[in-house]
Amino acid sequence: MAGGERRAAGALEAEVMTVLQRGGRPLNAADVQSLLADDLAYTTVVTILTRMHAKGLLTREKDGRSFRYAPVSDEPGLVARRMHRTMAAEPDRQAVLARFVDSLSDQDEQLLRDLLDGR
Amino acid sequence: MTVDLDAYLPFVVPAVAALAARPLAERLPPRTASWVLTVLAAGLAIASLVPLFALARGDLFAALLFAAAVAGGAVAAYGQGRALRTARRQARDLPGDGVLAVVADDRIDAYSVPGRVVVSTGMLGALDAGEQRVLFAHEIAHLSGRHHLLRAVVRVASAANPLLWPMRRALWYATERWADERAAAAVGDRVMAARVIGKVALASGTAPSVRMGIGTTRPGPVPRRVAALLGPPPRRGAVLTVAALGLLLCSGLTAPDLVGDPHHAPVSGIVVVAGPRR
């Protein structure tokens with residue numbers, strides 16, 4: 001598994017996201033390419049934008065022959081949902097994700113009410 | 001046909017430890033319990049590998065057991081490492097710069113992943129400022145106590161020696177209790193901490209019970225955590241700790257003994273465990 005490569009892609013996505021957020025208006029791939037600190041090929045930028053759109057991170061609208069991209073407004077919610085999705089796919093998530101409470105069984109619920117009412 | 005009792009120790013001690021795991025998690029102060037369970041699991045996993053390794057040259061069955069144990073441990077270690085890396089990477093991408101990441105979500109939810117605490121806006125809205133402190137202190141206790149690493153160690157140990165499997169759940173419970181007591185100490189009120197846990201659990205709703213078996217009337221972890229906080233504060237469990245670590249010592253002392261003499265009875269012990277002796 002190319003962990004390093006995936007990580008690099010993640011870093012690029014973060015940079016593109018920052019550019020789009022600073023832009024304050026939908027940008028096309030050429031705009032993004034010129035605003036990025038890295039010297040990336042146009043096709044690479046298009047690939048990243050397309051992938052981010054496919055992941056649901058960006059919205060896009062047709063503008064002539066190209067697309068203009070903008071970040072999805074609900075970014076925190078999106079990141080959280082993405083995290084939930086990834087963690088749900090991890091077989092060992094129980095070890096790394098410490099939830100404040102687990103869900104209760106019906107029987108536990110009654111027991112808990114009794115415990116709390118006892119005080 | 002005499003079978004040396006020593007031969008069974010690599011199997012008997014982990015089985016005893018697994019039986020003792022739950023009582024240890026409930027009786028010992030949670031922090032002590034967490035460490036005792038982790039050290040016990042890691043130590044016993046290693047101690048059960050040593051005699052298998054020593055026998056592996058002359059005994060095909062021991063060699064297979066040894067290979068299976070090492071492979072199981074290695075696969076689990078790889079899985080844990082990957083899960084931790086994924087969680088860390090995801091935690092970095094969460095909104096905000098500090099430890100706390102608030103996510104816009106109406107559902108009542110809060111958890112920690114290595115490095116970050118994630119709380120939904122739904123959760124924040126359901127709690128007042130004092131109650132929020134209990135929640136934050138609980139999740140931050142998981143981070144500062146590095147509970148994910150303890151859990152990883154026990155998961156790897158129990159993958160190498162499946163007799164140790166029940167220790168996973170016991171450690172999981174002990175670390176939750178540890179975080180609960182830290183949260184109670186942070187607000188200086190154990191009853192209040194109990195109420196917050198109960199309130200959040202009740203507000204989060206119920207799920208169909210996943211526990212199997214007929215007549216499982218044992219309370220689940222949340223009612224037990226609340227009951228523990230409503231009861232007296234945990235007392236030092238010096239005797240239990242010494243007994244638990246004595247178990248490890250007992251297993252550790254016999255292991256080199258068996259290794260020293262490759263023709264020693266453990267072969268028969270292992271064969272008896274596996275099936276009829278030839």
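Reader: What makes S2(A) and strand S3 of chain A a pair?

Author: Bridges do. This is a predicted model, and every value is computed from it. Pairing takes at least two bridges between the strands. S2(A) and S3 (residues 66-71) of chain A have six, in the antiparallel sense. So they count as paired. One example lies at Arg60(A), whose bridge partner in S3(A) is Tyr69(A).

Reader: What is the order of strands in the open sheet of chain A?

Author: The order is S1-S3-S2, three strands with antiparallel pairing.

Reader: Why do strand S1 and strand S2 of chain A stand at the edges?

Author: Count the partners. S1 (27-28) and S2 (58-63) of chain A each have a single partner strand, so one side of each is left without a neighbour in the sheet.

Reader: Which helix lies across S2 and S3 of chain A?

Author: Helix H3 (residues 42-54) of chain A does, running at about 120° to S2(A).

Reader: Now to chain B. Why is the contact of Arg151(B) with Glu176(B) called a salt bridge?

Author: Side chains of opposite charge can pair when their charged atoms come close. The cut-off here is 4 Å, from a side-chain nitrogen of Lys or Arg to a carboxyl oxygen of Asp or Glu. For Arg151(B) and Glu176(B), the closest N and O atoms are 3.1 Å apart, so the pair qualifies.

Reader: What does the pair of Arg151(B) and Glu176(B) tie together?

Author: Arg151(B) lies in helix H6 (residues 147-160) of chain B, and Glu176(B) in helix H7 (residues 166-187) of chain B, so the pair ties together parts that are 25 residues apart in sequence.

Reader: How do you know whether Arg151(B) is buried or exposed?

Author: Compare its accessibility with the cut-off. Buried means under 20% relative accessible area. Arg151(B) has 4%, so it counts as buried. Glu176(B) has 1%, so Glu176(B) counts as buried too.

Reader: How far apart in sequence are the parts that Arg225(B) and Asp180(B) tie together?

Author: First, the bond itself: Arg225(B) and Asp180(B) form a salt bridge, with the closest N and O atoms 2.7 Å apart. Arg225(B) lies in helix H9 (residues 221-230) of chain B and Asp180(B) in helix H7 of chain B, so the parts they tie together are 45 residues apart in sequence. Arg225(B) is buried at 0%, and Asp180(B) is buried at 1%.

Reader: Which residues are linked in a network of salt bridges?

Author: Arg151(B), Glu176(B), Asp180(B) and Arg225(B) are.

Reader: What separates Glu181(B) and Arg177(B) in helix H7 of chain B?

Author: About one helical turn, because they are four residues apart in that helix. Their side chains meet in a salt bridge, at 2.8 Å from N to O. Glu181(B) and Arg177(B) are both buried. Over all chains, the count of salt bridges comes to 12.

Reader: What does His138(B) touch?

Author: Leaving out residues up to four places away in sequence, His138(B) touches Phe100(A), Glu176(B), Ala179(B), Asp180(B), Ala183(B) and Arg225(B). His138(B) sits in helix H5 (residues 129-144) of chain B. Its relative accessible area is 0%, so His138(B) counts as buried.

Reader: What share of the 278 residues in chain B is buried?

Author: The share is 48%. The secondary structure of chain B comes to 11 helices and three strands.

Conventions. Residues numbered from 1 in each chain as written. Chains lettered and ligands numbered in written order. Predicted model: local features only at pLDDT ≥ 70, side-chain atom pairs only at ≥ 80, totals over all residues. Heavy atoms only, no water. Helix = DSSP H or I, 4+ residues; strand = E, 2+ residues; numbered from the N terminus. Buried < 20%, exposed > 50% of the residue type's maximum accessible area, 1.4 Å probe, protein only. Contact = heavy atoms within 4.5 Å. Axes fitted to C-alpha atoms, helices over the stretch in contact; angles between N-to-C directions.
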